[in-house]
Amino acid sequence: MSLLQLSVAGVLWGTAGVVVQVVARRTGLGAVAIGFYRLLFAAGAMLILGRGSRRQIGAAFRSAPVAVIAGGVGLAAYQALYFLAVRLTGVSVATVVSLGLAPVLLSAWETIRTRQRPGNAELGATAAAIIGLVLISAVAGTGSAETLGLLAAVASGTVYAGATALSRRTTQGVPPLVLTTLSCTIGAITLAPIALAQGVTFTPSGETLALLTYLGVITTALAYACFYTGLRHTTGSVAVVVTLLEPLAAALLAVVLLGEPLAVPTIVGGLLLLGAVTTLYLDTGRPSKDVLPEPVTD
C-alpha cells in the first residue's frame, strides 16, 4: 500500500509540469511566483479541510519545530531550485540531474548511517531508473544546459534528498495530513518574499484560477499527503525511486498533449522506469533496514 501511495504522488507530480507551463504563458508569472501560489493554494485547502484539527497541527509543530520548519523550507527550496533549473537548462536536464541524483544520495546516506550495503533489488532499481531518465531526457529536449542551471539542479536534488530523509523521521510522529499542512504553509511563507520581489500580480481568469487550484490541491496537497503517508513505511531511497514515475508521467503527457514524438529511447527509458518501480513493489516483502515501527500514538 505504501508504494501505491508513493506511485500516486509521483504520477500527480508528473502532471504539474504541463500545467505550470500553461500558467506561465497565460499569466507571465515567474517560476518562484508560481511555486508560491502552488503552495499557498495547497496550504489554504489543507487548512480548510483540517480546520477541526488545528490543535493537532499546533501540537505537532510544538513537538518538533526545527524538523517541521526545515521540512517546509526544504519543500520551498526544492521547488524554487527545480523551477529555476527548468528555466535555464530545460525540463529534461533539470529532471535527470535533480530527480536522478536524489536516490543516489539517499542510498549512499542510508548505507553510511546504517553501515549496511543496500539490497541488490534496491541497487538494481536505482540504476535502472537513472538510465531510464537519461534515455527519456535524450529526446525530450536538451535546453541550454548553462552552468547556473546545472548547479541549481544539483542543489535541487540535494535538497530533495535531504528533505525526504528528514521527513522520513518526522512522519513517524506526525500524522501525514498534519505534516502536509505544516509543510505547505511554511513553504508558502518561505517563498513569499522572493515571489513578491519577482512579481505576483496577474490578470485572473476562471481557467487560470482553476489551473492554480489544480496545482495546489491535487499536485501538491493530495500528492504530498500520499507521499508522506507512504514514506512512513518505506526507506527514503526507495521512495524517491518510486516517485520517478513523475518524469515518466510528464513525458507521456508531452506526447499526448503537446504532440511530441514517442521515440525509441523514450519507450526504452519508460520501460526501465516501470521495471524499477515493479522491482521495488515485488521486493517489499523483505524487511527494510530503515522502516521504523508504527508509533504507539498518532
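## A nonpolar surface patch

Phe61, Ile69 and Val73 make a nonpolar surface patch of about 210 Å². Such patches join nonpolar side chains within 5 Å, using residues with over 30% relative accessible area and no salt bridge. Accessible areas come from the Shrake-Rupley method with a 1.4 Å probe. Isoleucine 69 sits in helix H5 and is partly exposed, at a relative accessible area of 37%; that class lies between buried (under 20%) and exposed (over 50%).

## About the model

This is a predicted model, in which local features need pLDDT of at least 70 and side-chain atom pairs count only at pLDDT 80 or more, while totals for chains, interfaces and linings use all residues. Residues are numbered from 1 along each chain, and side-chain values use heavy atoms, leaving out hydrogens and water.

## One cavity

How many cavities of 30 Å³ or more does a search of the whole structure find? The search finds 1, a cavity being a set of points on a 1 Å grid where a 1.4 Å probe fits but cannot get out. The largest cavity holds about 100 Å³ of space.

Its lining residues (those with an atom within 4 Å of a point) include Gly71, Tyr160 and Phe227. Helices H5 (65-89), H8 (147-170) and H10 (206-231) each give two or more residues to this lining. By class, the lining has 7 nonpolar, 4 polar and no charged residues, with Gly counted as polar and Tyr as nonpolar.

## One salt bridge

The whole structure has 1 salt bridge, meaning a side-chain nitrogen of Lys or Arg within 4 Å of a carboxyl oxygen of Asp or Glu. Glutamate 207 pairs with arginine 26, their closest N and O atoms 3.2 Å apart. This links helix H10 to helix H2 (residues 16-27), across 181 residues. Glutamate 207 is partly exposed, at 43% relative accessibility.

Technical notes
On a 1 Å grid over the protein atoms alone, a cavity is a set of points where a 1.4 Å probe fits but cannot get out, and a pocket is an open set with protein on both sides within 12 Å along at least five of seven lines; lining residues have an atom within 4 Å of a point. Grid points are joined across faces, edges and corners, and a volume is the space filled by probe spheres set on the points. Helices (H or I, at least four residues) and strands (E, at least two) are DSSP runs, numbered from the N terminus. Patches are made of residues with over 30% relative accessible area and no salt bridge: like charges are joined within 9 Å, nonpolar side chains (Val, Leu, Ile, Met, Phe, Trp, Tyr) within 5 Å. Buried means under 20% relative accessible area, exposed over 50%, partly exposed in between (1.4 Å probe, protein chains only).
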